[in-house]
There are 2 protein chains.
Amino acid sequence: MDERKQKVLRAIIMDYISTADPVGSRTIAKKYNLGVSSATIRNEMADLEEMGLIEQPHTSSGRVPSDKGYRYYVDHLMDEDDLVGGEKDIIRAFFTDRFNRLDQLYHETCKVLSELSPYVTMIMTPVKSSGTLEQLQLIPVSPFQAVLVLVTDVGLVHHRTVDFPVPVSEERLKEVGQILFKRLKGRNIDDVNITLMREISGELKEELDIVDSVFEMMSDAVKSSGEEKVFLEGTLNILNQPEFNDVKKVKEVLSFLQDEKILRELLHGKNGIGMNFSIGDELSHDEINRCSMITCTYSINGNTMGNIGILGPTRMEYARSASLIKEVAKELSNVLDHNEKK
Amino acid sequence: MDERKQKVLRAIIMDYISTADPVGSRTIAKKYNLGVSSATIRNEMADLEEMGLIEQPHTSSGRVPSDKGYRYYVDHLMDEDDLVGGEKDIIRAFFTDRFNRLDQLYHETCKVLSELSPYVTMIMTPVKSSGTLEQLQLIPVSPFQAVLVLVTDVGLVHHRTVDFPVPVSEERLKEVGQILFKRLKGRNIDDVNITLMREISGELKEELDIVDSVFEMMSDAVKSSGEEKVFLEGTLNILNQPEFNDVKKVKEVLSFLQDEKILRELLHGKNGIGMNFSIGDELSHDEINRCSMITCTYSINGNTMGNIGILGPTRMEYARSASLIKEVAKELSNVLDHNEKK
DNA sequence: TTTAGCACTCGACGATGATGAGTGCTAACA
DNA sequence: TGTTAGCACTCATCATCGTCGAGTGCTAAA
């Protein structure tokens, strides 16, 4: 793979990324002055095609990068595309705002990213919040109802309404709450399971009816906190991409993205740390085999916590999107660090 | 408007609703045996067109109902379309499930509706929850952080993380929480404003730094609870409708529906009680002037609380959708009643 | 090794004509 | 007087066909 071939490949990919039209030898000779004529470039292109890096949709049309071509580009040719100054400012400014709730922070972050890029963006909240229980409180509402509030050490708050089969006085409720708290404080939140429940129930025999109801809601809260939540934005962005000018394709991809389980899977991907590119078939889902995805991990105090992702057509702006996602991941980690320290 | 004209109009609308093709005189003569020939029907159709109830996309094509035609149909011709037995069962069964959280209930309800109808569905949570404060609690997390929990009498629970500028001991926090609760208990949640805050601040002079932070979060919670939240589902359903086989239209409508303020407006609509039909231009938004919307109010203990809506092309199944929405509203009201009584 | 020249391919686009669904009108009929 | 059969007419749809042009591969000369 000599240098000129690389230059030609890069030129093809960059042109195709910005125009979405198959690119011909003449275009390259004119727009990207490589100092050789279109005929020479044609020869190079024939070679590149033989190597499987580019393809011809049909005889006598320009060339289009193949998945393999994009992969080569991402691995070897791509410049670090520094964002326009203004964009970095937007991201910074965004993260100096205060967020009252954690889910709001994720949601808004995802949204900002979707406004800065013309693709679908997603953020997955921390993996299996391996948090410990910091607080547990039962707040009386009526004789038959109370609100259960759980706080974990990573600052997550859950609440559930608990219904009791029998009336419960405020005093009794308070007592039970305190006992439960004492027993559960500092424990890993995943430990809230049947075994533990049995154990505690034994101790609280008289209050069995209350404890049962509370435990039910507690495990419900734990279950939903255990699952990583995925925020999705910018789904309509892809309607602007020429590869989605067919309603059938739009439907296929958008329906596919409706399933949160799928999104989690996509974001987990190769769960290495840092940036990750998956191109076309590498995503191994037929529904999005004409798409690529860039993911990046973010962290709290250095511990990898979750993933941010951008999904676009294989013809996406890899360099720009990567810089974008990296910047956002950095700033998000920053904010979460601060939040944690307090 | 004699009876035969009505029959013809109804036939045209029903046929168009199910086929989406302009319907001709011959089709009607054959499929809906009105006992007259196509020529006669042609004459009737000419009259109906003169009355503005149907239209011809171009000379020599079949007729298509106009907005006015649909309006006449909805007002005078529509049968109460009883749902297929199975569907009612599905709805019933759905509502016998238990829901741990109120927002989950709304969300799932919206989803069920979107699965039973091929259109976009939405549910708006209670209008300006004019609830009173039932509970207020400050749960310590760290010296600089606490969780504020608010419970209103309609069973809504809000929580916010409060940051303090100075360390606060658990005892002080408890004290402040109790004083605040005493002062605010039973008050309308909208009353939490600056005046009241001043009043209470005066009383709690020593704890000003704490109270300030708490109030900030409180008004944030109140603000977000004051706004009616809208749940939206089935947006992808419309991709199956032939009127949306053009990506441009899809984009226009879907982008339009992204704005929650717009959705609130649509659902408020003519805020009478019960069922409401808005057809085409009656929605007074150009982006959806080829759509119709059916809304229905639901209630808690007889007090009208919020709205459920179905949005589809003007060629939507009015009767079926209306029955569907009515049934769901009934069952939802039912569940909410029960929830309230406890 | 590079380049100019040339024949060739093939999708896009516009014009053309056939097809058929559907209409309005008229005249005959009950 | 209302209904119907017949007929001429309209117009969207669709397939066909030729043109155009972008782009290629190959060859021969520089």
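Guide: Happy to. A residue counts as exposed when its relative accessible area is over 50%, as buried when that area is under 20%, and as partly exposed in between. Keep in mind that this is a predicted model.

Let's begin with B:Ser60, which sits in the loop between strand E1 (54-55) and strand E2 (64-65) of chain B. Its relative accessibility is 67%, so B:Ser60 is exposed. The backbone is the interesting part here: B:Ser60 is not a glycine, yet its phi is positive, at about 65°. Most residues other than glycine have a negative phi.

With a relative accessibility of 38%, A:Asn301 is partly exposed.

For a contrast in cover, turn to B:Phe94 in helix H5 (residues 85-96) of chain B. B:Phe94 has a relative accessible area of 10%, so it is buried. Between B:Phe94 and B:Thr109 there are 8.2 Å from C-alpha to C-alpha, with the two 15 residues apart in sequence.

Finally, step back to the two chains. Chain A is superposed on chain B by a rotation of 180° with a shift of 0.1 Å along the axis, at an RMSD of 0.1 Å. The copies are therefore related as by a two-fold rotation axis. In chain A, the residue closest to that axis is A:Val247, whose C-alpha is 3.0 Å away.

Terms used
Residues numbered from 1 in each chain as written. Chains lettered and ligands numbered in written order. Predicted model: local features only at pLDDT ≥ 70, side-chain atom pairs only at ≥ 80, totals over all residues. Heavy atoms only, no water. Least-squares fit on C-alpha atoms with pLDDT ≥ 70 in both. Helix = DSSP H or I, 4+ residues; strand = E, 2+ residues; numbered from the N terminus. Buried < 20%, exposed > 50% of the residue type's maximum accessible area, 1.4 Å probe, protein only.
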